[in-house]
Amino acid sequence: MTITYKNVYINNASTIAGIYEANGPLKEYFDKTYTKDLYFGETSWEHAEIKLLKDSIDLLLKKTKFKETDINLLISGDLQNQIASSDYMAREYNIPFLGIYNACATSSEGLIIASTFIDSKKVNNCIVSTVSHNTSAEKQYRNPVEYGTPKPETATFTVTGAASILLTNEKTNIRIESATIGKTIDKGTKDVNHMGAVMAPAAADTIYRHLTDMNRNPDYYDLILTGDLGKYGKNILINYMKEVYNLDISSNYDDCGTIIYDTDKQPVLAGGSGPACSALVNYSYILTKMHEKKLKKVLIVPTGALFSPTMYFQKESLPAIAHAVSLEVVEK
Amino acid sequence: MNNKEYQKFIETYTPKPKVFENALVSFLVGGALGSFSELLLQLYQLWFHLPRKESGVIVILTLIVIASVLTALGIFDVLVTKLKSALIIPITGFAHSITSAALEYRTEGLVLGIGANIFKLAGTVILYGVVSVYLFGLLRIIIIGG
């Protein structure tokens with residue numbers, strides 16, 4: 001299902017990142033970084049995650065000069081049980097709130113919901129936020145943080161950061177042109193340390209359907225950018241698209257998980273993951289390049305593994321999803 | 001591409017785990033840890049004039065303390081990523097699993113946090129350890145009479 005939008009613009013965005021991201025190649029693109037530890041002056045990782053999210057919204061409001069009461073709608077999601085970080089962040093603001101969950105594809109789900117609300121004139125503006133925190137995610141999904149286990153090279157590293165974006169119906173120089181809602185796809189992969197393999201078919205299906213629905217070739221876009229497939233998943237996607245859909249995306253394709261870190265030098269194995277991974281890269285680096293007109297048409301495809309530890313222990317394979325959102329520089 | 005074909009397809013693009021290298025590191029480091037324990041065993045007998053059995057208990061306690069302190073200092077998990085299973089399989093791994101769980105859940109309090117979660121990883125070892133002790137004890141009685 002592909003939706004086209006006529007009247008949805010990106011007003012501004014804010015990005016807050018942790019120490020591993022600040023040590024990565026995109027350091028200068030983030031609005032704010034915390035480089036001391038992963039607590040940010042809070043007493044627990046969960047509180048630290050909530051702080052990140054609040055910081056990103058406060059900073060966004062400051063950057064845009066919009067007041068809290070001017071915002072019509074706030075959409076946010078994260079990786080905690082009951083999307084706790086978003087819920088506890090939302091209680092601090094006097095803004096109508098929708099909580100969403102699509103694992104690491106949460107940012108694109110939020111963009112699609114917000115764009116649809118704005119384009120259908122139900123609201124004038126909307127903030128879409130997401131957050132992830134390395135150690136609170138480890139605690140939520142895996143073993144205690146201090147517990148060491150040898151991990152395979154295909155495992156990914158959860159990004160610590162929060163990103164918020166303000167969409168409006170007032171014209172700016174970047175617009176959301178169209179979006180494709182992904183289908184949940186499960187190709188039977190059961191390896192939680194190989195999320196790239198879990199999510200690549202979902203990304204491939206969404207990219208293929210987007211290009212077909214919009215009657216476009218891959219080279220229509222200056223860049224097609226998946227969320228967090230990592231260096232092995234990236235390779236799987238390129239070859240899977242060739243084999244199954246006969247589409248070659250290798251020349252203008254990249255993955256946020258391999259952009260946010262230097263995978264050769266940093267201890268991040270196959271690359272970054274988590275909802276903040278794609279959101280941080282898209283809202284900082286990609287938007288900057290679009291403002292500079294170095295990129296004019298970008299298809300962002302955040303990818304998410306919709307897995308639950310309980311279902312995994314009950315021997316279920318891992319479902320995945322990817323939503324595509326097309327960003328375009330507005331030519332004057 | 002059906003699910004079976006996909007699982008075959010991704011194998012081509014997935015690096016093989018370095019089984020031999022990991023096993024060799026584990027073997028050498030695990031062996032060194034064993035030799036270190038043996039040295040302690042001899043030294044404790046010499047220093048404290050303890051019988052071998054009691055000295056063994058203190059060796060185990062020493063290893064538990066070292067592993068727990070290294071876990072609390074955030075060093076043990078880094079060592080595990082480098083030294084593979086050599087530190088996880090011996091008693092050091094057991095101590096590490098308990099200390100790391102205690103550290104993790106201290107933010108939820110003494111009862112619902114640490115108390116409820118401290119054996120999250122070690123519980124399996126304790127349960128099946130006790131069950132196997134009973135089974136093998138029973139077998140021993142049946143076969144050699146005690």
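Let me begin with chain A, where buried residues make up 56% of the 332 residues. Please keep in mind throughout that this is a predicted model.

Chain A contains 10 helices and 16 strands. Its C-alpha trace spans about 50 × 50 × 35 Å along the principal axes. For 332 residues, a compact globule would have a radius of gyration near 20 Å, and the 18 Å of chain A agrees with that. Among the contacts in chain A with a separation of 6 or more, 79% are between residues 24 or more positions apart.

V8(A) sits in the loop between β1 (2–4) and β2 (9–17) of chain A. Is V8(A) buried or exposed? With 21 other C-beta atoms within 10 Å, and 20 or more being the criterion, V8(A) is buried. Leaving aside residues up to four places away in sequence, V8(A) touches S115(A), I118(A), D119(A), L167(A), N169(A), R175(A) and I176(A).

In general, most residues other than glycine have a negative phi. K65(A), however, has a positive phi, near 65 degrees. K65(A) lies in the loop between α2 and β4 (74–77) of chain A, and K65(A) is exposed, with 8 other C-beta atoms within 10 Å. N246(A) likewise has a positive phi, near 55 degrees. The loop that holds N246(A) runs between α7 and β11 (253–255) of chain A. N246(A) too is exposed, with 8 other C-beta atoms within 10 Å.

Now to the packing of helices. Two packed helices are described by the angle between their axes and the distance between the axes. In chain A, helix α2 (residues 45–64) and helix α5 (residues 134–141) pack at an angle of about 130 degrees, their axes 8 Å apart. That angle makes α2(A) oblique to α5(A), and α2(A) passes α5(A) in a left-handed crossing. Which residues make this contact? From α2(A) they are W45(A), E46(A) and E49(A), and from α5(A) they are T135(A), S136(A) and K139(A). By class, that is 1 nonpolar, 2 polar and 3 charged residues.

Helix α2 (residues 19–48) of chain B and helix α3 (residues 52–72) of chain B cross at roughly 130 degrees, and their axes come within 9 Å. Again the result is an oblique arrangement of α2(B) and α3(B), but here the crossing is right-handed. On the α2(B) side, the contact is made by S37(B), L40(B), L41(B), Y44(B) and Q45(B); on the α3(B) side, by R52(B), S55(B), G56(B), I58(B), V59(B), T62(B) and L63(B). These residues divide into 6 nonpolar, 5 polar and 1 charged.

Finally, I come to the contact between the two chains. This contact takes 25 residues from chain A and 26 residues from chain B. On the side of chain A, the elements that give two or more residues are α6 (195–213) and α7 (230–245). Which of the elements gives the most? The answer is α7(A), with 5 residues. The residues on this side of chain A comprise 10 nonpolar, 11 polar and 4 charged.

Notes
Residues are numbered from 1 along each chain as its sequence is written. Chains are lettered from A and ligands numbered from 1 in the order in which they are written. This is a predicted model: local features need pLDDT of at least 70, side-chain atom pairs count only at pLDDT 80 or more; totals for chains, interfaces and linings use all residues. Axes are lines fitted to C-alpha atoms, for helices over the stretch in contact, and angles run from 0 to 180 degrees between N-to-C directions. Helices (H or I, at least four residues) and strands (E, at least two) are DSSP runs, numbered from the N terminus. Angles under 35 degrees count as roughly parallel, over 145 as roughly antiparallel, 65 to 115 as roughly perpendicular and the rest as oblique. A crossing is left-handed if the near helix is turned anticlockwise from the far one by less than a right angle, and right-handed if clockwise. Two residues are in contact if their C-beta atoms, placed from the backbone, lie within 7 Å. Ala, Val, Leu, Ile, Met, Phe, Trp, Tyr, Cys and Pro count as nonpolar, Asp, Glu, Lys and Arg as charged, and the others, Gly among them, as polar. The radius of gyration is taken over C-alpha atoms; the globule rule is 2.2 Å times the number of residues to the power 0.38. A residue is buried if 20 or more other C-beta atoms lie within 10 Å of its own, exposed if 12 or fewer, and partly exposed in between; C-beta atoms are placed from the backbone.
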